[in-house]
Amino acid sequence: MPPSSKKEKKPRVIDSDSDDDALLRAPKLEHRIDDQYLNRKVESQVGATRLKQLVTELTIAGKELGKCLEVLTEVAGDVASTLAKHEGEMKDGVIPEDPEQIATLDKEFRTVVDKQTEIEIRTKVLSEMRERSVLRADIRNVEQLYKDQVKAPLDQYRAKTSRQKYAENETYASFRALVWENLYDGAAMPDIKKMIPAEDNDDDDSDDEIEIGAQVTDFKCPLTLSLLKEPMKNPACKHHFSKAAILDMLAHSEKDANGNSVCPTSGCHARFKKEDLVLDKALERRVAAYVERQRGGEGQKKSTQKFVAVSDSEDEVEE
């Protein structure tokens with residue numbers, strides 16, 4: 001059989017001076033609305049088709065930004081692991097400033113999160129306009145209507161403080177957790193709000209109740225009681241399970257009329273089905289980093305034991 005002419009796919013390398021910038025330049029699709037839509041009534045069927053195309057393009061752009069966040073998370077985790085050898089440990093419970101390299105990556109990450117949120121807002125508005133068009137609700141002046149409906153939610157988001165934007169963002173929280181754990185040898189990350197400086201419109205920290213200590217993440221699957229493998233997240237309750245274990249459980253569990261099963265986590269009553277599960281790549285990276293730290297710790301422990309044993313034997317010879 002002749003050798004395949006198909007070229008081997010090379011891994012994509014992100015160039016900070018080109019590809020990153022390209023990903024950050026989210027398309028301003030409001031300028032893509034054709035002149036035929038301006039200041040005139042749009043026929044329902046034509047309008048729905050065109051708006052669907054715009055929604056699709058925005059959705060693709062959002063996924064590209066998601067890939068950019070994955071790259072930034074991976075790079076930040078590697079950088080944090082390298083800096084851990086030089087930055088020392090957190091002292092007296094005081095949250096230290098980020099090393100310069102981490103601070104730069106954090107700024108880039110927030111920029112992409114902002115772009116992603118903007119795309120979500122624009123996609124939602126266009127989707128609602130498409131639904132109106134599908135329902136035979138003819139729309140006049142599409143461009144102006146789009147700009148008017150996008151303005152309020154965009155202004156509202158842009159007016160938020162950094163804490164309000166990022167403290168509740170799961171993707172950003174996972175990014176910070178990986179960086180923190182790699183920098184400080186698996187130490188539990190403090191409340192993420194404490195890691196984002198307060199601004200004028202943020203709640204006063206001094207009014208908070210007694211702060212509970214940082215929570216140590218348990219990387220074990222509640223079904224297998226071993227480390228998570230391909231962690232799958234149930235969006236309904238945020239619990240994680242190893243992929244093989246949860247799929248096996250769902251295949252053999254009782255289901256309601258809608259085909260949903262009850263979450264197997266003790267005390268949780270959330271219902272979901274296989275299609276609801278999503279792979280949590282950020283948590284998968286944290287588990288891998290945890291395993292790497294454990295291996296490094298065991299190696300260091302063995303080296304120390306070997307050194308002590310040799311020292312003891314030398315002392316015996318001298319005697």
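Colleague: How many residues line the largest pocket, and which of them lie nearest its centre?

Modeller: In this predicted model, 37 residues line the largest pocket, and Glu170, Ser174, Lys233, His240 and Asp280 lie nearest its centre. The space inside the largest pocket is about 1,100 Å³.

Colleague: What makes a residue part of the lining of the largest pocket, and which elements each supply at least two such residues?

Modeller: A lining residue has an atom within 4 Å of a pocket point. Helices α2 (44-87), α3 (100-134), α6 (170-183) and α8 (281-318), together with strand β7 (278-279), each supply at least two residues of that lining. By class, the lining holds 13 nonpolar, 12 polar and 12 charged residues.

Colleague: Why is Thr123 called buried?

Modeller: Buried means under 20% relative accessible area. Thr123 has 15% relative accessibility, so Thr123 counts as buried. Thr123 lies in helix α3 and touches Val55, Leu58 and Thr59, leaving aside residues up to four places away in sequence.

Colleague: Is Val125 buried or exposed, and how do you know?

Modeller: The relative accessibility of Val125 is 6%, and the cut-off for buried is under 20%; therefore Val125 is buried. Val125 also lies in helix α3. With residues up to four places away in sequence not counted, Val125 touches Tyr146, Gln149 and Val150. The C-alpha atoms of Val125 and Tyr146 are 7.1 Å apart, although 21 residues separate the two along the chain.

Colleague: Why are Cys221 and Cys263 called buried?

Modeller: Each value is set against the limit of under 20%. Cys221 has a relative accessible area of 0%, so Cys221 is buried. Cys263 has 4%, and therefore Cys263 is buried as well.

Colleague: What makes β3 and β7 a pair of strands?

Modeller: Two strands pair if DSSP finds at least two bridges between them. Strand β3 (residues 231-233) is joined to β7 by 2 bridges, so the two count as paired, and they run antiparallel. Met232 has Leu279 in β7 as its bridge partner.

How values were computed. Residues numbered from 1 in each chain as written. Predicted model: local features only at pLDDT ≥ 70, side-chain atom pairs only at ≥ 80, totals over all residues. Heavy atoms only, no water. 1 Å grid on protein atoms, 1.4 Å probe; cavity = no way out; pocket = protein on both sides within 12 Å on 5 of 7 lines; lining within 4 Å. Points joined across faces, edges and corners; volume = space filled by probe spheres on them. Helix = DSSP H or I, 4+ residues; strand = E, 2+ residues; numbered from the N terminus. Nonpolar A, V, L, I, M, F, W, Y, C, P; charged D, E, K, R; others polar. Buried < 20%, exposed > 50% of the residue type's maximum accessible area, 1.4 Å probe, protein only. Contact = heavy atoms within 4.5 Å.
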